[in-house]
Amino acid sequence: MAFSNISNTKPFSLTSLSSSSKQYWNIAQDHALASSSLQYADNYRNKDANTSCFGVQHAKKLEVCRNILRNVVAEEAEDPFEGLSMIDAVQRLNIDYHFQEEIEAILRRQYVRYITHGKYGHHDDLHVVALRFRLLRQQAYYVAPDVFNKFKDEEGIFNKELSEDIEGLMALYEASHLNIEGEDVLDEAGKVCEQLLKAWEKDCDNINHARVVGKTLGHPYHKSLASFTAKEFFDNSQGSSGRLNDLLQLAKMDFNMTQSMHQKEIAQISKWWGDLGLAKELKFARNQPLKWYICSMVCLVDPDLSDERVELTKPISLIYIIDDIFDVHGTLEEVTLFTEAINKWDFGTLDQLPEYMKICFKALYDITEEISQKIDQKHGSNPLDSLRKMWASLCNAFLVEAQWFALGQSPKSKDYLENAIVSSGVHVVLVHTFFLLGQRITEETEDLVENMPGIISFPATILRLWDDLGSAMDESQDGRDGSYIEYYLKEHQDCSIKEAREKVLNMISDAWKCLNKECLSPNPFPASFTKASLNIARMVPLLYNYDENHGLPSLEEHVKSVLYESVSV
C-alpha cells in the first residue's frame, strides 16, 4: 500500500526539536528538518504508481460509501434516526465534505417536518432529540430550544431520571454548545449535563467509557477541530461492522492521503520562507512557518484547496512579523512612519525608514500584489484594494497600542478590546480567506472590508480574550502588549484577579453565542467561509495554551498526530 511506510519516514516533527529550538516552535531555522521535509516531497513524487493504485482503492471505497448515504436518504422517512447517526459519524470521521448533498437532503427533510407539522420527535428519547437539534443548528437551521422542555418536570427542572441516560446527557451537552444569547434552557442544560457526567465519569469502572465521557466534556464537537479529533473516533469505532466499517475505512484512507498532501504543502512553505529571507533579515521576529501553516490548514479544510492554504500562510506570517516590529523592535517614530507607508501603499514614503522596515514593506507589497493577481486569474476579480485596506487597518490598530505604551497610557478596557479585536489579525486572515475562496464583495457582504461583521469580530474577540487570560506567554516575546484583564482591574480596583478572569471567560462564552447566531440562516456568506470563521475560534485554545516553558504541548501533540503519524488501513 502506498502509504504503509509514511509513519516510519517522519519527515520532521515538533518533538524532534531541541529544547532551545522548541522554545520558538519553528521549522525554518532547523535546516535538517526543512531539508527532510523537501526530501519527503521528492520521495512522494517518485511513488506515482503506488499512489495511483491507492487512489483507485480510495475512489472505489468512496463510491461504496456514497451508495450507503444515498440509501440512507431514500430510507430516511422510515428511520429518521439512522440518517442522523450517519451524519454524526461522517462528521466525526472528518469525511463529511464528500457527502454534503446527502447530508443536506436528510437534514432539510427533518427540518421541513419540524416547521410544517411541529413534529420534533415527541416520542423520541433525549439522545435523538439532542442529536437532531445539534445537527440542524450546525447546518444553519434554527430550531427552538423548547424541544427540550419535555425532559423537564412541572417545576421546570430537568428530570432526575436523565442521570442514568449517559448517551442522552452527552448528546444534550454537545447540543448546549450551539446556544445563542437568551437561551437559558440550553445554558442550564449544559451545566446540569456537565455536573452529572463528571460525577458518572468519576465513579465509572469502565476505563474506555469514562474516557469517552471525558473527551466529550473536554472537547465538544462544535468547539473542536474535526481534523484533530478524527483519530480518536477511529479508535472508538474499531471492530465496527457493516456501514460504519466502510465509512471508517474510507476515513482512514482519507486521513493518510490528506496527511501526505499537507506534508507537501509544508515543504512548499518551508522553501518559500527560506527563499524570502525575512528570518535572516529580521532576527528579532518570530520564525514559525509551521505554526502559521497550521492556522491556514484549519481555515481552509477542503483538500481541494491546497494552493489556497499555501497562499493564506503568507499573509498569516506577515501578521506575526509586523506585530513583532510594533511590539518588540520598532520605536514609536519608526512604527508611525511605517504605518503611514502602509496606508499610502507607496515605496516613495520609505526613505526615512530603517532598512529592516523597508525589507518588510517590500515583502508585504510583493506578496499582496502576487496573491491579488492569482485570485484575479482564477476567479476574475482583483481584491488588491480591499487587501490594502486590511493591512492599513491592522497597522493602524498596532500603532494605537504602540502609542498607549510609549505615552504610558492605560485605555479603558472597552476601548482596548475594540482596538485589540482589529489588532488580533483575524480580520486580515478571514478577508484573505474570503477572496481565496473565490468570493466577491456584494451588497450583502460589503461590510466585510469597510467594517467588521460579526462573523469576523466574534472569533477575533474570542482570540483576543483567550490571549489575555494570562496564559499566553508567547514564546518568550518580551512585548509591550497590555491585556483586557490588566485594564479592567485598573478600572475596578475592588475586583480580584479571579473575578476578572471569570468575567473574561463569560465574555468568551457570550462571543461564542453571538458567533453561533451569525452562522444561522439567513447568512450572506458561503458555508466554507462560515466554517473558516468557526475553525479560527475552535483553534484559539490550542494556540494560546502555553506551558511554563512557553511551549504549546497540546497543539504540538495534535500537529504531530495529524501531520506525521499515519493510520493503518
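Modeller: A nonpolar core is a set of buried Ala, Val, Leu, Ile, Met, Phe, Trp, Tyr and Cys residues joined through side-chain atoms within 4.5 Å; buried means under 20% relative accessible area, exposed over 50%, partly exposed in between (1.4 Å probe, protein chains only). This is a predicted model, in which local features need pLDDT of at least 70 and side-chain atom pairs pLDDT 80 or more, while totals for chains, interfaces and linings use all residues. Residues are numbered from 1 along each chain as its sequence is written, and side-chain values use heavy atoms, without hydrogens and water.

Colleague: Thanks! How many helices and strands are there in the chain?

Modeller: Helices (H or I, at least four residues) and strands (E, at least two) are DSSP runs, numbered from the N terminus. For this chain, the count comes to 26 helices and 0 strands.

Colleague: And what share of the 569 residues is buried?

Modeller: The chain has 569 residues in total. Of these, the buried part is 54%.

Colleague: Which residues have the most contacts inside the largest nonpolar core?

Modeller: That core holds 110 residues. A second, separate core has 58 residues, including Leu62 and Phe158. Back in the largest core, the residues with the most contacts inside it are Ile294, Phe338 and Trp391.

Colleague: Which tryptophan does tryptophan 391 touch, leaving out residues up to four places away in sequence?

Modeller: A contact means heavy atoms within 4.5 Å. Tryptophan 391 touches residues that include Pro315, Leu318, Ile319 and His432. Also on its list is a tryptophan, Trp345.

Colleague: What is the angle between the planes of phenylalanine 326 and phenylalanine 398?

Modeller: Rings of Phe, Tyr and Trp (its six-membered ring) pair if their centres lie within 6.5 Å; planes under 30 degrees apart count as stacked, over 60 as edge-to-face and the rest as tilted. The structure holds 21 aromatic pairs. In this one the centres are 5.4 Å apart and the pair is tilted, with a plane angle of 45°.

Colleague: How many residues apart in sequence are the parts that this pair ties together?

Modeller: Phenylalanine 326 and phenylalanine 398 are both buried. Phenylalanine 326 belongs to helix 15 (residues 306-329) and phenylalanine 398 to helix 18 (residues 384-406), so their pairing links parts whose separation in residues is 72.

Colleague: Last one: which side chain is joined to that of threonine 530 by a polar contact of 3.0 Å?

Modeller: Threonine 530 is in helix 25 (residues 527-543) and is buried, at 8% relative accessible area. Beyond four places in sequence, residues touching threonine 530 include Ile455, Cys519 and Phe525. The polar contact of 3.0 Å is with the side chain of asparagine 523.

Terms used. A polar contact is a pair of N or O atoms within 3.5 Å; within protein, one must be able to donate a hydrogen and the other to accept it, and residues adjacent in sequence count only if both atoms are side-chain atoms.
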